[in-house]
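Dear colleague,

Please find the structure below, handed over for your study.

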Amino acid sequence: MTVVESSILPKGIYSPIPTYYKNDGKFSLDTETQVKHALMLYESGINGLVVSGSMGESTNISPAERNSALRNIRQAIPDKNFKLIAGMPPNSIAEVITESEESKKNGADFVILLVPGYFGPNLISQQGIIDYFLNIADYTALPIVIYNYPGVCNNVNIMIDTFETLSKHENIAAVKLTHFNLDIYTLLGNNKTYETNNFRPFTGLGQVLVPSLSVGMFGAIDGLSGIFPKSMLKLMKLYEDGEKEKALQLQYIVTKVDLMISELNVVGVKQLLKEVYGYGEIVSGRPPLSKPVDLNAYKKYETDIKKLAEIEKSL
């Protein structure tokens with residue numbers, strides 16, 4: 001087993017970023033916009049990025065394209081305190097290990113891996129989940145962030161006893177919890193054994209950042225921070241500084257805007273990034289995400305989006 005250096009994911013706010021495409025009929029990568037967005041987030045104070053994760057359409061882009069995105073961003077932002085977390089779709093153990101090596105060569109600091117859910121909860125046991133992650137962790141070139149997102153993993157979830165086992169491995173650094181199961185948040189955040197093992201839980205949902213921090217989460221890996229980074233950083237700071245009333249007021253508007261992402265996901269994020277920053281030649285994803293956002297659904301959130309945009313400009 002190889003123990004990976006620098007396997008602690010620092011406390012903070014991390015932004016999963018979308019993948020940008022050119023309007024050339026081929027959905028070619030738009031590297032210029034990709035780097036421009038990354039630089040904006042870096043300059044705003046965000047702690048790092050998830051590159052080519054679920055928000056970045058990892059299932060729709062090739063390993064070479066994922067590594068190209070990492071390479072171009074790291075060349076533009078050589079600061080190693082700014083963490084790059086490499087996304088990849090659910091793959092075989094051997095494929096994950098191989099891609100982790102390439103991701104490291106191209107500037108990544110961590111890799112984020114979804115729970116393998118293809119066969120569903122009736123066939124995938126908790127022991128199977130343990131075996132999958134431990135076999136990768138023994139040979140990975142990068143420390144692992146587990147991505148616990150039952151909504152895209154055929155409703156396969158991780159139980160607390162499984163976390164207790166996985167957290168003991170030196171190369172398993174953190175978990176992103178993209179669900180509202182606050183009992184798991186609480187059990188992970190208040191058991192100091194996890195911290196002793198250098199295993200850190202993060203919420204994947206900015207709409208519950210304050211509740212998450214209150215039960216010991218280390219921050220958020222949240223899509224809204226890729227649009228309004230200063231607002232999310234401010235929210236975390238208000239809570240940590242004990243300004244609970246102000247934190248709750250900001251959390252309220254953050255939650256209302258984050259509901260748009262919950263409903264419209266990648267195409268909603270791209271639509272908003274285009275409106276606020278002018279990013280992207282097209283506002284859809286690659287097929288099968290090639291249909292732009294439903295503007296009637298999007299318009300429900302415009303008033304709250306404008307409020308949060310004003311807050312962002314004031315920071």
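**The largest cavity**

The largest cavity is lined by Thr19, Tyr20, Leu29, Asp30, Thr31, Gln34, Glu65, Ser68, Ala69 and Asn72. Two elements each give two or more residues to this lining, namely helix H1 (31–44) and helix H2 (63–76). The greatest contribution is that of H2, with 4 residues. Sorted by class, the lining of the largest cavity holds 3 nonpolar, 5 polar and 2 charged residues. Please bear in mind throughout that this is a predicted model.

The volume of the largest cavity is about 60 Å³. In the whole structure, the search finds 3 cavities of 30 Å³ or more.

**The largest pocket**

How much space lies in the largest pocket? The value is about 640 Å³. Its lining is made up of 29 residues, and those nearest the centre of the pocket are Ser54, Tyr147, Tyr149, Val152 and Asn265. Helix H10 (residues 244–277) supplies the largest share of this lining, with 5 residues. By class, the lining of the largest pocket comprises 14 nonpolar, 11 polar and 4 charged residues.

Is Val35 buried or exposed? Val35 counts as buried because its relative accessibility is 16%, which is under the 20% limit for that class. This residue lies in helix H1. Beyond its neighbours within four places in sequence, Val35 is in contact with Asn72, Ile73 and Ala76. Along the chain, Val35 and Arg74 are 39 residues apart, and their C-alpha atoms are separated by 9.1 Å.

Ile46 is placed in the loop between H1 and strand E2 (48–51). With a relative accessible area of 4%, Ile46 is also buried. Setting aside its neighbours within four places in sequence, Ile46 has contacts that include Ile13, Tyr14, Phe82 and Leu233.

Lys83 belongs to strand E3 (residues 83–87). Which side chain of opposite charge is nearest to Lys83? That side chain is Asp109, 4.7 Å away. Lys83 is buried yet has no salt bridge, because a salt bridge requires a side-chain nitrogen of Lys or Arg within 4 Å of a carboxyl oxygen of Asp or Glu. Neighbours within four places in sequence aside, Lys83 is in contact with Pro10, Tyr14, Asn47, Gly48, Leu49, Arg74, Asp109 and Phe110.

**Backbone details**

Asn198 is classed as partly exposed because its relative accessible area is 36%, a value between the limits of 20% and 50%.

Finally, the peptide bond from Pro287 to Pro288 is cis, with omega near 10°. Pro288 is located in the loop between H10 and helix H11 (295–299).

With kind regards

Definitions and conventions:
Residues are numbered from 1 along each chain as its sequence is written. This is a predicted model: local features need pLDDT of at least 70, side-chain atom pairs count only at pLDDT 80 or more; totals for chains, interfaces and linings use all residues. Side-chain values use heavy atoms; hydrogens and water are left out. On a 1 Å grid over the protein atoms alone, a cavity is a set of points where a 1.4 Å probe fits but cannot get out, and a pocket is an open set with protein on both sides within 12 Å along at least five of seven lines; lining residues have an atom within 4 Å of a point. Grid points are joined across faces, edges and corners, and a volume is the space filled by probe spheres set on the points. Ala, Val, Leu, Ile, Met, Phe, Trp, Tyr, Cys and Pro count as nonpolar, Asp, Glu, Lys and Arg as charged, and the others, Gly among them, as polar. Buried means under 20% relative accessible area, exposed over 50%, partly exposed in between (1.4 Å probe, protein chains only). Lys and Arg count as positive and Asp and Glu as negative; His and the chain ends are not counted. Contact means heavy atoms within 4.5 Å.
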